[in-house]
Amino acid sequence: MTLFIEQCLNGLQFGLLLFLLAAGLTLVFGIMDLVNLAHGSLYMIGAYFAATFSALTGSFLLGAVLALIATLVVGMVVEVVAMRRLYGRDHLDHVLGTFGLILFFNELVRLVWGPAGLALPLPGWLQQPIEIVPGVQYSAYRLSIIVVSLIVAGGLYVLVMRTRIGMLIRAGASNREMVGALGVNIQLLYTLVFGLGAALAGLAGLMQAPILTVQIGMGENILILAFVITVIGGIGSIRGALVAALFVGFIDTLGRAFFPDLLRMVLPSAAASTAAPALSSMLIYLLMAIVLIVKPEGLFSAGQR
Amino acid sequence: MPSLTIRNTVVALVIVALLLLPVYSYLAGDRFMLTLFTRIVILALAAVSLNFILGFGGMMSFGHAVYLGLGGYAVGMLSYEGIHSGFIQWPVALGVSALFALVIGALSLRTRGVYFIMITLAFAQMAYYIVSGIARYGGDDGLTIDTRSRFFPPLNLSDKTQFYYVCLFFLLAAVYLTFRIVNSRFGMALQGIRSNELRMRAIGFPTYRYRLVAFVIAGVMCGLSGALLANQADFVSPSVMYWTRSGDLIIMVVLGGMGTVAGPVMGTIAFLVLEEILPVIIKFIGLPFVGTAAAGRASEYWMIVMGPLLLLVVLFARGGIDGLLMKLDERFGLRRQP
C-alpha cells in the first residue's frame, strides 16, 4: 500500500513535469501555429544552465532562478533569429527547420560543456524524506516538484485567462492581423510567448536534472512524450495538455512499477519478465492509439487547425 | 524522350557515376569509396520510399526509419535463429514492413497535418522501445549478424562489388517504379489527393484507401532498404529506427527535392557526402572560437554546421538540389518558366 501511494505520487510528479513541457509546446503551436521540435533542446539547455549556475553560485535555488532567466533569453533569441521566419510556412518546414536546431543545439552543448554528462546535486534540505501521511515517507524534492508545477500551472491559467496579456495572446491566436491592426505589437508578443514556452521547458529540465543526469540528447526522449501528450490532449489546448500529461504520467509510472507483476499472473514468469519492460514502455502509445481511434483530434481539440 | 536539360544531364551523370563507381574503386584501390556509396545507395532507397508518400502523397511521416529497423531485425533475428537463406529472410522483412505499415497507416491516416506527423513518430518510437526491450536479440546493444543473407551460389553478398550492384539494382528499380506509379492513374489520384483531398473524395475516389495503399508501398520499399542495411553493416540495433534517423531521411528527401523522382537520390548523396566532408573542413578551419584543446576534436562538431545549413535550405532553397537545377535550366532558357 505504501508502495502504491508512493508510485501514485511519482506518477503525479512525472505527469506535472510533462505538463510543463507540453504546455510550452502546445502554447507555441496554438498561438503561432508553429511545430517546434527543438522544444526538447530548450529543456536540455535549462538543465545545463542550472547545473552550471548552481556550481558557480553554490546555491541550488539561485542557480535555478538564473537558469530560468537564461533559458527565457535563449528562447527569445531563437525566436528572433530563426522561428520568426518560419511562421508563414507549412508544418513540414517547421519540422525541418527546428530539427536543424536540435542538431545545432546538441553540438553546441557538446562544444561548451563537453561530451560527458553533468550532475546537479541537491541541497541537504531537499534530500530528506518527508512524512506525508503517518507511515508514508516521500522525497521532499519530488514533493517540491509537484508543488512548483501546480503553482506554475495555476499561474499559467491566470496569465492566459485572466490578464490583459493573456487576452491579447488568445486574440492573437484567433486573428493575428486584427490584433496587429489594433495597435498591439504582435511580433513582440510572439517573442514573449515563445520565451515563456522556453522558460517552461527549461523549468522542467532543471527540475528533472537532479533526478537524472544532465546529458546531451536528454530532451529528445522526453520530447516524444510531450508530443504524445499534446496529441492526446488536443493540440493547442492547455487544459488538454494538463489532463493528458497526468494520464501519461500515471500510466507510465504505474505501468513500469506494477505491470510486470500483473503480467506474471497470466504468463510464465520467465516470459513475463522478458516482455514486461518492452510492454510497459508501450502502454502510453497504446493509450494514444485508443484516444485517436475514438477522437482523432484529441480529447480537448482547440478546433480546426 | 526526355529533353536535354541541365537537370536531366545531371541525373544521367549521377546514374552513370553510380554504375561505374566499383570500377573506379577497383582501379584506384579505394575500398572506402565503395563502402560509403553502398551505404548511400541503400539509404537513397529509403529516401525514395519516403519521398513517395511525402512528396507525391503529401503524407508527412516522421517515423519512416522504423522500416529500416523492421527490415533489419527480420534479417538479424532469422539469422540469429539459424535461418540464413535470403529467400526466407527478405520476404519476411518485406512482409513485416507491409503489415506494420498497414496497421500504423490505418490508424494514422485517420488524422491530418501535425497529428499525422506526431502519430507516425510515436508509433515508430513504440517499435523502437519494443526492440530495445528484447534481451534475446541484444536489446539496446543491437544484434551482430554473423552471416549475410544467402542466395544461390553465384550471388554472394559478402562480395562487396556484387553487394553494391544488388543494392544499386534495387535503388534503380525503386526509382523506376516510382516513376511508373506517379504517372499511372493511381499516382495521379494520389497527387490529386495531396493537393485537394475533399475534391477527390467529392468526385468519388476512396481517398483513405488510396493513401493507405501508398503508405504500405512505401513501407515495403523501406523495409527492403532495412534488410540491405543490416547486411551491409552486419549489424542491426534499435538506433536505426530512432526518431532522429527518420529526421535524417526527411532531410535527405528535402535536400534533394521533394516530389521529384530523382531528387531523393541526389539528396542522400549530398547528405552523406556532407557528413564525410564537413568534419574535414571544420578540422581544416579549426573553428576559431574553440580553444586549442577542443580544436583537435573539432571534426566531431560537424552537426553545428549541418543544423543551421538545414535551416537555411528550408528558408531559402525550398526545391532542394532538383529545384536549383531547374532554376539553372530556366536561366539558360532550356525550360519554359512555369
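Buried means under 20% relative accessible area, exposed means over 50%, and partly exposed lies in between, using a 1.4 Å probe and protein chains only. This is a predicted model, where local features need pLDDT of at least 70, side-chain atom pairs count only at pLDDT 80 or more, and totals for chains, interfaces and linings use all residues. Residues are numbered from 1 along each chain as its sequence is written, chains are lettered from A and ligands numbered from 1 in the order in which they are written, and side-chain values use heavy atoms, without hydrogens and water.

**Stop 1: two aspartates**

Select A:Asp33. Its relative accessible area is 26%, so A:Asp33 is partly exposed. A:Asp33 sits in the loop between helix H1 (2–32) and H2 of chain A. Helices (H or I, at least four residues) and strands (E, at least two) are DSSP runs, numbered from the N terminus. Check the backbone: phi of A:Asp33 is near 60°, a positive value in a residue other than glycine. Most residues other than glycine have a negative phi.

Now select B:Asp234. B:Asp234 has a positive phi too, of about 55°, and is not a glycine. Look for B:Asp234 in the loop between helix H9 (207–233) and strand E2 (235–236) of chain B. Is B:Asp234 buried or partly exposed? With a relative accessible area of 28%, B:Asp234 is partly exposed.

**Stop 2: A:His39**

Go to helix H2 (residues 39–57) of chain A, where A:His39 lies. A:His39 is buried because its relative accessible area is 2%. What does the side chain of A:His39 reach? It reaches the backbone oxygen of A:Leu21, at 2.9 Å. That is a polar contact: a pair of N or O atoms within 3.5 Å; within protein, one must be able to donate a hydrogen and the other to accept it, and residues adjacent in sequence count only if both atoms are side-chain atoms. Beyond neighbours within four places in sequence, A:His39 is in contact (heavy atoms within 4.5 Å) with residues including A:Gly24, A:Gly197 and A:Leu223.

**Stop 3: helix pairs**

Two packed helices are described by the angle between their axes and the distance between the axes. Show H2(A) with helix H8 (residues 186–208) of chain A: their axes come within 7 Å and cross at roughly 55°. So H2(A) is oblique to H8(A). Among the residues making this contact are A:His39 and A:Leu42 of H2(A), and A:Phe194 and A:Gly197 of H8(A). The residues of the contact of H2(A) with H8(A) divide into 9 nonpolar, 6 polar and no charged.

Switch to chain B. Helix H2 (residues 31–56) and helix H7 (residues 185–195) of chain B pack at about 55°, with axes 9 Å apart.

**Stop 4: B:Tyr115**

Select B:Tyr115 in helix H5 (residues 113–133) of chain B. B:Tyr115 counts as buried because its relative accessibility is 7%. Leaving aside neighbours within four places in sequence, B:Tyr115 is in contact with A:Val231, A:Gly234, A:Ile235, A:Pro296, A:Glu297 and A:Gly298. A polar atom of its side chain lies 2.8 Å from the backbone nitrogen of A:Ile235.

**Stop 5: B:Ile285**

Finish in helix H11 (residues 263–285) of chain B, at B:Ile285. B:Ile285 is exposed because its relative accessible area is 56%. B:Ile285 and B:Ser49 are 236 residues apart in sequence and 37 Å apart in space, C-alpha to C-alpha.

Conventions. Axes fitted to C-alpha atoms, helices over the stretch in contact; angles between N-to-C directions. Parallel < 35°, antiparallel > 145°, perpendicular 65-115°, else oblique. Nonpolar A, V, L, I, M, F, W, Y, C, P; charged D, E, K, R; others polar.
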